[in-house]
Amino acid sequence: MLVAAQRDQKISMTFKSLLFSLGTTLLLAHSIKGDDDHAWIAPGPNDLRGPCPGLNTLANHGFLPRDGRGLNVTVILDAGFNGYHMQPDILALAAKVSLLATNDPTSFTLDDIKLHGNIEHDASLSRGDFALGDNVHFNETIFSTLAESNPGADVYNTTSAGHVQQKRLADSEATNPNLTNTDKEFFVRSVESAFYLSVMGNPLIGVAPKNFVQIFFREERLPIAEGWQRSETPINASTLGPLIRDIATQSNWTAGEGCHWVRLGPNDPIVRF
């Protein structure tokens, strides 16, 4: 009986081991498949990208269509949530306004949002001003202002983000006679700064590792291999609000124009209000 009991115990343990191995194999297979679905792939020659590194990154990882086409509000909200854990209250307005950048009534492309005066703006952290030439592609010289900020530390924070915004605006004021600098542009810039600190770091305190942020901007890639993980904390107006206010204070901003403006279509004139 003892031998039989030992035999049954051995069979039971073997069966459990096989189940565990099978479960692990299936789990790994699922995980690998998911990783493959959202692996970073550089855009091809016919893929469209725009001036927003956040959206370009989502496309490079397949959260948005990899060709950069067929975007709408729902597609943007789903991609922002799945890729960054961003909630609709943050992205909905920008996605709706982006529809104004094209004559298509239902969708837009990543290239469409380069339209100056829509959500694209001067004094970008990584792109040139529209009036000075290329406002779409990454510019290392411009990005160096951010890359070299907060010296002596290995993180960026709301203080360094505000100082970078102040410096970038000063650079544009010195070189761009057609600079657009209203409260609208300032708000968009501050939201974007809070965004990269939140997505690449801790959205509750606005601190992000420098190497994560630099990979995000330079390569438009999620630095997963370097240890980045999607935030467990939902990123929304409640988390971004305090960061935006801190960044705005550190920016020491003054308006260059009294009325903000927007273009209601790619061929429409500027509307000031």
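A: H121, A123, S124, L125, Q165, R189, E192 and S193 line the largest cavity. A cavity here is a set of points on a 1 Å grid, over the protein atoms alone, where a 1.4 Å probe fits but cannot get out; lining residues have an atom within 4 Å of a point. The model is predicted: local features need pLDDT of at least 70, side-chain atom pairs need 80 or more, and totals for chains, interfaces and linings use all residues. Numbering runs from 1 along each chain as its sequence is written, and side-chain values use heavy atoms, without hydrogens or water.

The largest cavity holds about 40 Å³, the space filled by probe spheres set on the points, which are joined across faces, edges and corners. The structure has one cavity of 30 Å³ or more. Helix α7 (residues 183-200) gives the most to the lining, three residues. By class, the lining has two nonpolar, four polar and two charged residues. Ala, Val, Leu, Ile, Met, Phe, Trp, Tyr, Cys and Pro count as nonpolar; Asp, Glu, Lys and Arg as charged; the others, Gly among them, as polar.

Q165 lines the largest cavity, and Q165 in α6 is also among the residues that meet α9. Contact means heavy atoms within 4.5 Å. The α6 side includes T158, H163 and Q166, and the α9 side includes L243, D246 and I247. The residues of this contact divide into three nonpolar, eight polar and one charged.

Notes. Helix = DSSP H or I, 4+ residues; strand = E, 2+ residues; numbered from the N terminus. 1 Å grid on protein atoms, 1.4 Å probe; cavity = no way out; pocket = protein on both sides within 12 Å on 5 of 7 lines; lining within 4 Å.
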